[in-house]
Amino acid sequence: MIIVKSIEQLSHNPFKPPFALIPTMGNLHSGHINLLRLAINKNFNPVVSIFVNPLQFGPNEDLKSYPRSLERDLDVLKENNCHGVFIPEQEEILKNIENLNAPISDKLCGKSRPGHFDGVVTIVNRLFEVIKPEACVFGAKDFQQQLIIKHLIKEKHRHIKFLSAPTQRDENGLALSSRNNYLNESEKIEASLIFKFLSGMSSELKLLSRVNQKNFLSELKSIQEKYQRKIEEKGFEVDYLELLDPATLERFEYNSNKMLIAIAVFFKEVRLIDNLVIDLASSSQ
Ligand code: AMP
């Protein structure tokens, strides 16, 4: 496994093409490893970057306490046949950086975390420029982030192929996340209720679209409110729970059968996000 720690080293083209960049903030779990496997399955050499991006944290967020485990991460990557790792120094990455503004960042996580996606897109653009990958892999857990990166590629890096990996969950359905480390085992089981509620909503919405398509749109608000109440009753503070068009993140208007159910909650002061993209025309989950 080739470990690169500076942009200067990158100028000697250490990674063997074609390679796919997988940007991460470290503290790797099997959700991240799935991204690496996807790159390999698509015949790209996986190159993982590990960088806790200070630009994507708000002033009251968990930059300082964000879990870091570099030695273990490197072991895990090696065990999983990672081709390359880029671990830049903050100072070098941020030097003379071009600050970008993310599109659609007035919605969902962008609305709740002002500046977050500007920070994400600024760093991913920098990584693309210095690493020059043929492809990149991002996880569907961060649905809005995926849309924003696709936009960045369209605007500035058309040659980079975008690969999307499905959300990896634990045995109870909780979406894997480095922030789950803030929770103990029984809290993680409680937190997996988020996925159960999303799945329940999905079934109810699919049923409604089959039996009462005429009133479907007018019923959405009451379904959303009902589930928000149920979730709050279980001790979650709901930041948002929204039913949207997955192509635009605009309100769902039945332009297609695809609907995004997106949620962010605070649970024991930990911010957790999840989403499902459902096909209203299909009866399966
Ligand atoms: P992070 O280290 O949290 O910034 O995540 C790095 C990449 O891993 C992003 O593309 C995330 O969407 C992806 N990722 C994180 N958790 C998961 C998960 N549970 N399933 C799929 N992808 C994930």
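Start by selecting F138 and F162: both are buried (under 20% relative accessible area with a 1.4 Å probe, protein chains only; over 50% would be exposed, in between partly exposed). This is a predicted model, where local features need pLDDT of at least 70, side-chain atom pairs count only at pLDDT 80 or more, and totals for chains, interfaces and linings use all residues. Residues are numbered from 1 along each chain as its sequence is written, and side-chain values use heavy atoms, leaving out hydrogens and water.

Now show rings. The structure holds 7 aromatic pairs (Phe, Tyr or six-membered Trp rings with centres within 6.5 Å; planes under 30 degrees apart are stacked, over 60 edge-to-face, the rest tilted). Select F57 and Y66, an edge-to-face pair at 5.7 Å centre to centre with 80° between the planes. F57 is buried at 10% relative accessible area, and Y66 is buried at 8%. Go back to F138 and F162: their pair is stacked, 5.8 Å centre to centre and 0° between the planes. F138 lies in strand 5 (residues 135-139) and F162 in strand 6 (residues 161-165), 24 residues apart (strands are DSSP E runs of at least two residues, helices H or I runs of at least four, numbered from the N terminus).

Next, pick F216, F252 and Y254, which form one aromatic cluster.

Finally, colour helix 6 (residues 116-131) and helix 7 (residues 143-156). Which residues of helix 7 does helix 6 meet? Q144, Q145, I148, I149, L152, I153 and K156 meet F117, V120, V121, V124, N125 and F128 of helix 6 (contact means heavy atoms within 4.5 Å).

Conventions:
Axes fitted to C-alpha atoms, helices over the stretch in contact; angles between N-to-C directions.
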